[in-house]
Amino acid sequence: MNTEINRPQGSQKPLNPKTVKKAIIGAAIGIVAVTLGFSSFYTVQEQERAAILTFGQYTGESTAGLHFKFPYPIQQVVTVPAELVQRIHIGYRQNGDSVTPVDDEALMITGDENIVSADAVVQWKISNLHDYLYNIDDPERFLRNAASSSIRSVIGSEKLDYAITDGKTVIQDKVREKLLELQTKYQTGIQIMDIKFQDIEPPSGQVEEAFREVTNAREEKNTKINNAAKYENDRIPKARGEAQALLENAEAEKKSRILNAEGDVAKFNAIFAEYKNNPDVTQSRLILETLEKILPNAQIFITNNNGDTVNYLPLNELLRSKSASSSSSSNSQTPAPQAEGGVTP
């Protein structure tokens with residue numbers, strides 16, 4: 001006996017449980033495959049380095065490029081900007097062009113118990129990826145605290161005048177050395193590239209104005225000292241040269257006078273030797289030479305005083321006539337013999 005079951009029109013044939021099970025398994029396998037495919041490859045950017053963790057333990061690192069790893073949870077990757085030079089600001093925060101002072105970091109006490117405001121920029125980068133990830137919890141906070149502590153330690157041992165004038169470069173070097181010591185001591189994996197102070201100055205207000213006047217006075221003092229040193233360097237060599245010239249001239253004059261004196265002595269000794277041999281001739285010669293020297297233009301008149309009559313010598317007329325004859329001869333440009341002496345009978 002055949003029994004026929006009448007199905008209502010429009011009803012669908014029920015799904016086979018085996019088919020549904022296969023579809024679910026296939027979809028799950030596809031999702032897992034896609035997930036594993038995406039999680040097995042990763043990309044490291046140019047300024048990054050990646051730490052590879054196998055079951056949570058550091059097993060290596062990779063540089064820029066496309067890399068393969070075992071899917072999660074076997075391996076996972078932590079990327080950090082290890083090739084990028086980063087900055088932190090001490091004493092202020094900068095957001096674009098906006099600068100916000102942070103007095104808690106900036107204000108500190110100097111060695112002579114004065115208050116100073118110091119702003120600095122620390123440049124750093126990651127040198128050891130393992131130490132950077134595992135030895136410190138918050139690297140930026142640690143670096144900020146270390147930098148602030150180093151700055152306070154160095155400035156706390158210096159005087160205010162030195163810190164705000166000539167000691168800025170020296171303080172920067174000392175702070176950098178202390179920062180390097182802290183990074184080495186705690187093995188942070190951070191490399192300090194540089195530290196630069198933006199400002200080291202007294203707090204704003206009357207104190208700042210007073211120290212600005214002190215700084216200006218110190219600069220003016222240094223300027224005057226430099227000008228004085230320049231004048232000294234200009235004058236001293238000239239004075240030494242003039243003194244040396246005077247000494248050389250005096251030495252030359254000394255030698256000249258000594259030689260002249262020695263020549264005069266030699267001449268006198270020679271004349272004296274001749275005088276001893278013939279005193280009358282030498283005496284007469286010396287008298288004549290002396291008269292020629294002291295009376296080079298003298299008019300000589302020779303007379304004979306023998307007799308009882310008084311000699312009349314019209315010297316004024318003779319001199320006038322001689323002068324007139326000399327003048328007329330010079331005007332006529334005709335040379336004429338002149339008598340150097342007259343003889344009166």
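**Briefing on the chain**

Gln-187 has a relative accessibility of 48% and therefore counts as partly exposed. Gln-187 lies in the loop between H6 and E11, and its phi is near 50 degrees, a positive value in a residue other than glycine. The model is predicted, and its mean pLDDT over the chain is 80.

**Confidence**

- In this chain, 76% of the residues reach a pLDDT of 70 or more.
- Residues 1–5 stay under 50 in pLDDT, and the model gives them zero contacts beyond four places in sequence.
- The pLDDT is also below 50 over residues 334–345, a stretch that has 19 contacts in the model beyond near neighbours in sequence.
- Where pLDDT is low, predicted coordinates should not be read in detail.

**Overall make-up**

- Nine helices and 13 strands form the secondary structure of the chain.
- Of the 345 residues, 21% count as buried.
- Among contacts with a separation of 6 or more, 67% join residues 24 or more positions apart.

**Largest nonpolar core**

- The largest nonpolar core has 33 residues, of which Val-122, Trp-124, Ile-151, Leu-179 and Phe-197 touch the most other members.
- In soluble globular proteins, nonpolar side chains tend to be buried together.

**Helix H4**

- The 17 residues of H4 should span 24 Å at 1.5 Å a residue, and the end C-alpha atoms are 24 Å apart, which agrees.
- Buried residues of H4 include Leu-143, Ala-147, Ile-151, Val-154 and Ile-155, and Arg-144 is also among them.

**Largest pocket**

- The largest pocket holds about 270 Å³ of space.
- Its lining includes Lys-267, Ile-271, Glu-274, Arg-285, Glu-289 and Lys-293.
- Helices H7 (206–277) and H8 (279–294) each supply at least two lining residues, and H8 gives the largest share, seven residues.

**A further positive phi**

- Glu-113, in the loop between strand E9 (107–109) and E10, has a phi near 65 degrees, a positive value in a residue other than glycine.
- Glu-113 is exposed, because its relative accessible area is 71% and the cut-off for exposed is over 50%.
- Most residues other than glycine have a negative phi.

Conventions:
Residues numbered from 1 in each chain as written. Heavy atoms only, no water. pLDDT = per-residue confidence, 0-100. Contact = heavy atoms within 4.5 Å. Core = buried A, V, L, I, M, F, W, Y, C linked by side-chain atoms within 4.5 Å. Buried < 20%, exposed > 50% of the residue type's maximum accessible area, 1.4 Å probe, protein only. Helix = DSSP H or I, 4+ residues; strand = E, 2+ residues; numbered from the N terminus. Expected span 1.5 Å × (residues − 1). 1 Å grid on protein atoms, 1.4 Å probe; cavity = no way out; pocket = protein on both sides within 12 Å on 5 of 7 lines; lining within 4 Å. Points joined across faces, edges and corners; volume = space filled by probe spheres on them.
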